[in-house]
Amino acid sequence: DSKILADIQYRVTLFYRQIQKIDDELKSIRDKKAKSSDKVVIKNNNFYIWLSGILKISSDSLQLFLYDIIV
């Protein structure tokens with residue numbers, strides 16, 4: 001019985017080490033993803049934002065003004 005218990009304990013230790021290794025790899029991947037997502041800049045520019053930068057008025061006001069002229 002002591003041999004069986006020792007074998008079980010050994011296998012549990014091996015499984016624990018594998019879980020720790022996988023957990024460390026997962027943490028590393030998450031850290032890399034967090035670092036890379038900080039570098040990503042999403043620009044959502046459209047015509048109204050571009051023109052509002054030139055005319056120095058808000059893009060919402062410009063869109064409303066142009067909409068009123070067209071309609």
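Predicted model: local features only at pLDDT ≥ 70, side-chain atom pairs only at ≥ 80, totals over all residues.
Local features need pLDDT of at least 70, and side-chain atom pairs count only at pLDDT 80 or more, while totals for chains, interfaces and linings use all residues. Residues are numbered from 1 along each chain as its sequence is written, and side-chain values use heavy atoms, with hydrogens and water left out.

The protein has 3 helices and 0 strands. Along the sequence the pattern reads α-α-α. Helices (H or I, at least four residues) and strands (E, at least two) are DSSP runs, numbered from the N terminus. Of the 71 residues, 4% count as buried. Buried means under 20% relative accessible area, exposed over 50%, and partly exposed in between (1.4 Å probe, protein chains only). The accessible surface of the protein comes to about 7100 Å². Carbon and sulfur atoms account for 60% of that surface. Areas were computed by the Shrake-Rupley method with a 1.4 Å probe; for residues, only the protein chains shown count as cover.

Two packed helices are described by the angle between their axes and the distance between the axes.

From H2, Phe-47, Tyr-48, Ile-49, Leu-51, Ser-52 and Leu-55 take part in the contact. They meet Ser-59, Leu-62, Gln-63 and Leu-66 of H3. Contact means heavy atoms within 4.5 Å. The residues of this contact divide into 7 nonpolar, 3 polar and no charged. Ala, Val, Leu, Ile, Met, Phe, Trp, Tyr, Cys and Pro count as nonpolar, Asp, Glu, Lys and Arg as charged, and the others, Gly among them, as polar.

H3 is hardly covered: 1 of its 12 residues is buried. Leu-62 lies in H3 and is buried, with a relative accessible area of 3%. Beyond four places in sequence, Leu-62 touches Tyr-48, Leu-51, Ser-52, Leu-55 and Ile-57. Ser-52 lies in H2. At 11% relative accessibility, Ser-52 also counts as buried. Leaving aside neighbours within four places in sequence, Ser-52 is in contact with Ile-57, Ser-58, Ser-59 and Leu-62. Leu-62 and Ser-52 are 10 residues apart in sequence and 6.7 Å apart in space, C-alpha to C-alpha.
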